Amino acid sequence: MSHTLLALLGFICWALALLVLMEAIRSKLVLTGAVAANGFNPENLNLSPFMQRLARAHANCVEGLPIFGATE
């Protein structure tokens with residue numbers, strides 16, 4: 001396995017980890033009744049600064065994936 005492919009797989013795993021973390025927190029908020037199931041927006045503006053940053057970090061990973069993936 002090349003170093004480039006290993007780095008790409010690591011990047012994909014990081015993007016998925018951010019997604020899983022964000023969805024776990026959102027699920028907890030819905031199940032506890034803190035936020036309605038349809039009360040989320042893409043930027044998480046109605047939630048904590050951590051959740052806003054998490055959404056932006058995940059969006060950055062998704063936007064960068066085609067660029068980094070094309071190098072392999």
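Colleague: What percentage of the 72 residues in the chain do buried residues make up?
Modeller: Buried residues come to 26% of the chain. Keep in mind that this is a predicted model. To count as buried, a residue needs a relative accessible area under 20%.

Colleague: Where does Gln 52 lie, and which residues is Gln 52 in contact with, leaving aside neighbours within four places in sequence?
Modeller: Gln 52 sits in helix H2, which covers residues 49-70. With those neighbours set aside, its contacts are Glu 43, Asn 44, Leu 45 and Leu 47. A contact here means heavy atoms within 4.5 Å.

Colleague: Glu 43 is on that list. Is Glu 43 buried, exposed or partly exposed, and how do you know?
Modeller: Glu 43 has a relative accessible area of 44%. You'll find Glu 43 in the loop between H1 and H2.

Colleague: How far apart are Glu 43 and Arg 56 in sequence and in space?
Modeller: Along the sequence, Glu 43 and Arg 56 are 13 residues apart, while their C-alpha atoms are 7.2 Å apart in space. For another pair, take Ser 27 and Pro 66: 39 residues apart in sequence, and 28 Å from C-alpha to C-alpha.

Colleague: And what about Ser 27 itself: buried, exposed or partly exposed?
Modeller: Ser 27 belongs to helix H1. Its relative accessible area is 37%. That value falls between the cut-offs of 20% and 50%, so Ser 27 is partly exposed.

Colleague: Now for charges. Why is the pair Arg 26 and Glu 23 called a salt bridge?
Modeller: The closest N and O atoms of Arg 26 and Glu 23 are 4.0 Å apart. In general, side chains of opposite charge can pair when their charged atoms come close. The structure holds 1 salt bridge.

Colleague: How are Arg 26 and Glu 23 placed in helix H1?
Modeller: They are 3 residues apart in H1 (residues 3-31), so about one helical turn separates them. Arg 26 is buried at 16% relative accessible area, whereas Glu 23 is partly exposed at 34%.

Colleague: Zooming out, how does the radius of gyration of the chain sit against that of a compact globule of 72 residues?
Modeller: A compact globule of 72 residues would be near 11 Å, but the chain has 15 Å. Its C-alpha atoms fill a box of roughly 45 × 20 × 20 Å along the principal axes.

Colleague: Last one: how many helices and strands are in the chain?
Modeller: The chain has 2 helices and 0 strands.

Notes: Residues are numbered from 1 along each chain as its sequence is written. This is a predicted model: local features need pLDDT of at least 70, side-chain atom pairs count only at pLDDT 80 or more; totals for chains, interfaces and linings use all residues. Side-chain values use heavy atoms; hydrogens and water are left out. The radius of gyration is taken over C-alpha atoms; the globule rule is 2.2 Å times the number of residues to the power 0.38. Buried means under 20% relative accessible area, exposed over 50%, partly exposed in between (1.4 Å probe, protein chains only). A salt bridge is a side-chain nitrogen of Lys or Arg within 4 Å of a carboxyl oxygen of Asp or Glu.
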